[in-house]
Amino acid sequence: MDWLSWFDAADYEFARQVLQRGVAALFFVAFLSSLNQFPALLGERGLLPVPDYLSGFSRLRRPTLFRWRYSDGLLRGVCATGLVVSALLVAGIPQLGPPWVPLIAFLALWLLYMSIVNVGQTFYGFGWEMLLLEAGFTVAFLGSDQTDPPRTILILVAWLVFRLEFGAGMIKIRGGREWRDLTALYYHHETQPMPGPLSRQAHLLPKPLHRMEVVGNHFAQLVVPFLLFAPQPVASAAAAVIIATQLWLVASGNFAWLNWIAIVLAFAAVSDPVAHAVLPVIPLDWHGEAGRETPLWWLAVTLAATALLLALSYQPLRNLFSRRQLMNASFNRWQLVNAYGAFGTVTRERVEIVVAGTFDDDPDDSADWREYGFKGKPGDLRRIPRQWAPYHLRLDWLMWFLPLRTVHEEWFHAFLGKLLEADRTTLRLLRYDPFDGGAPRWVRVRRYHYRFATRAEFRASGNRWMRTFLSEPIPPVSLRRPQGRQG
């Protein structure tokens with residue numbers, strides 16, 4: 001029937017290729033991050049052991065393959081399976097078969113990674129975790145090379161981008177005054193969780209440019225998302241604006257895969273003719289003259305998925321316009337059609353938690369205190385911050401939250417204990433162990449105010465950061481009783 005042809009978006013093949021391969025690539029990064037960090041953070045001997053968490057776990061609320069049993073070996077098996085499946089999707093191999101093949105592959109990634117997230121506790125409490133899960137479930141219904149991309153699924157991906165961008169924009173308008181008076185970028189590049197190699201240069205830009213950045217951000221998040229649903233080429237232009245602003249965020253900071261997934265998903269609004277006009281190397285006709293007829297059973301599957309996601313959209317839609325807008329919240333246990341948003345307020349000063357240890361018996365200020373070095377978070381005053389995104393350094397991110405909350409987090413005290421034990425698995429999470437695998441006698445925790453050095457300060461000292469001591473929230477602690485002390 002001719003009216004059924006509306007459901008086939010034949011001129012969005014490039015969009016499908018980017019969506020499927022891009023989301024699969026980010027799943028690969030997510031599973032790799034978990035494989036490298038999960039055992040140390042949450043494993044059997046981790047900082048927040050999953051077996052202890054599962055003892056009080058509600059099996060009905062949080063679906064996970066680990067609800068019956070957890071072991072580090074099983075976790076590694078889940079990650080390895082996720083890596084293989086995501087790599088096959090990046091290569092486009094499942095997409096060569098019938099549409100149910102990539103469907104099963106993406107749903108497998110969704111279920112495997114959801115199993116990890118749902119036992120990940122605070123180390124997996126980030127908005128981009130549920131964003132990746134929702135994206136994986138949605139693009140699962142984009143079909144294969146044997147069918148045209150389903151139009152309704154592409155619209156739902158655009159709806160996901162809309163919630164991501166417009167939700168973040170509304171959070172900012174309702175949040176700190178700095179977003180309304182256009183001063184937020186006076187501070188953000190310096191105080192963001194994990195600066196990148198260009199963050200200091202971005203911070204040192206003239207303040208009028210920072211104000212223009214905020215204006216551009218408001219335009220990109222509060223106006224442009226509506227244009228994703230406009231006719232072509234307007235929709236593609238809207239996607240280009242979102243992609244450009246996200247690339248600036250990639251260049252100026254480290255936000256795991258948040259910016260990269262926004263870039264990938266924005267391609268849902270880019271049509272083949274527009275893509276070909278911008279880059280002629282992109283084919284205008286991907287599959288030659290041979291037409292592709294969508295089987296009725298596949299159309300029924302995609303329409304059922306569309307109906308499900310539309311039904312789940314009611315609460316997120318209300319949330320967007322609610323005075324008590326939720327940020328990074330899921331309204332169902334499957335983490336589908338979620339609410340997103342970030343940086344409703346901007347921290348104006350950067351406070352860093354610095355952990356140091358000593359071999360000396362007497363832990364006074366004359367002791368030889370040596371600081372541990374983290375991979376991503378600032379520490380060494382001369383070191384240029386590295387670009388880590390889309391890879392996610394979970395320990396470093398939670399270290400940024402400590403000054404905003406309290407250093408007396410269960411996981412942080414466990415971390416200090418692991419340092420005193422010189423636990424090899426924990427030490428591998430760090431960039432630098434000042435004791436070369438040895439166990440320090442004492443460790444202590446201090447708070448410092450960090451700020452980017454001005455150009456003059458950098459020329460004079462070679463330091464990219466300047467810091468000032470604030471306090472010592474955790475004085476020297478040890479696993480052993482000091483000699484000569486009683487009680």
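How many bridges join β1 to strand β2, and in which direction do the two run? Two bridges join them, and the strands run antiparallel. Strand β2 covers residues 370-371, and strand β1 covers residues 350-358.

Before I continue, please note that this is a predicted model, in which local features need pLDDT of at least 70, side-chain atom pairs count only at pLDDT 80 or more, and totals for chains, interfaces and linings use all residues. Residues are numbered from 1 along each chain as its sequence is written, and side-chain values use heavy atoms, with hydrogens and water left out.

Some terms follow. Helices (H or I, at least four residues) and strands (E, at least two) are DSSP runs, numbered from the N terminus. Two strands pair if DSSP finds at least two bridges between them.

Let me turn to the sheet. It is an open sheet of four strands in the order β2-β1-β5-β6, with antiparallel pairing. The edges are held by β2 and β6, each with a single partner strand, so one side of each has no neighbour in the sheet. Helix α18, residues 410-421, packs on this sheet and touches β1, β5 and β6; contact here means heavy atoms within 4.5 Å. The direction of α18 makes about 120° with that of β5, where axes are lines fitted to C-alpha atoms, for helices over the stretch in contact, and angles run from 0 to 180 degrees between N-to-C directions.

Now the pairings. In β2, Arg370 is the bridge partner of Gly357, while Glu371 stands opposite Ala356. Nine bridges join β1 to β5, residues 442-452, again antiparallel. Across that pairing, Val354 faces Arg446 and Val351 faces His449. Strand β5 is in turn joined to β6, residues 465-477, by eight bridges, with Val445 opposite Ile474.

How covered are these strands? Nine of the eleven residues of β5 are buried, so β5 is largely enclosed by the rest of the structure.

I move next to the interior. A nonpolar core is a set of buried Ala, Val, Leu, Ile, Met, Phe, Trp, Tyr and Cys residues joined through side-chain atoms within 4.5 Å. The largest has 128 residues, and those with the most contacts inside it are Tyr113, Ile116, Leu265, Trp411, Phe412 and Phe415. Its largest share, 15 residues, comes from helix α1, residues 13-42.

Finally, the axes of α1 and helix α4, residues 100-117, come within 11 Å and cross at roughly 30°.

How values were computed:
Buried means under 20% relative accessible area, exposed over 50%, partly exposed in between (1.4 Å probe, protein chains only).
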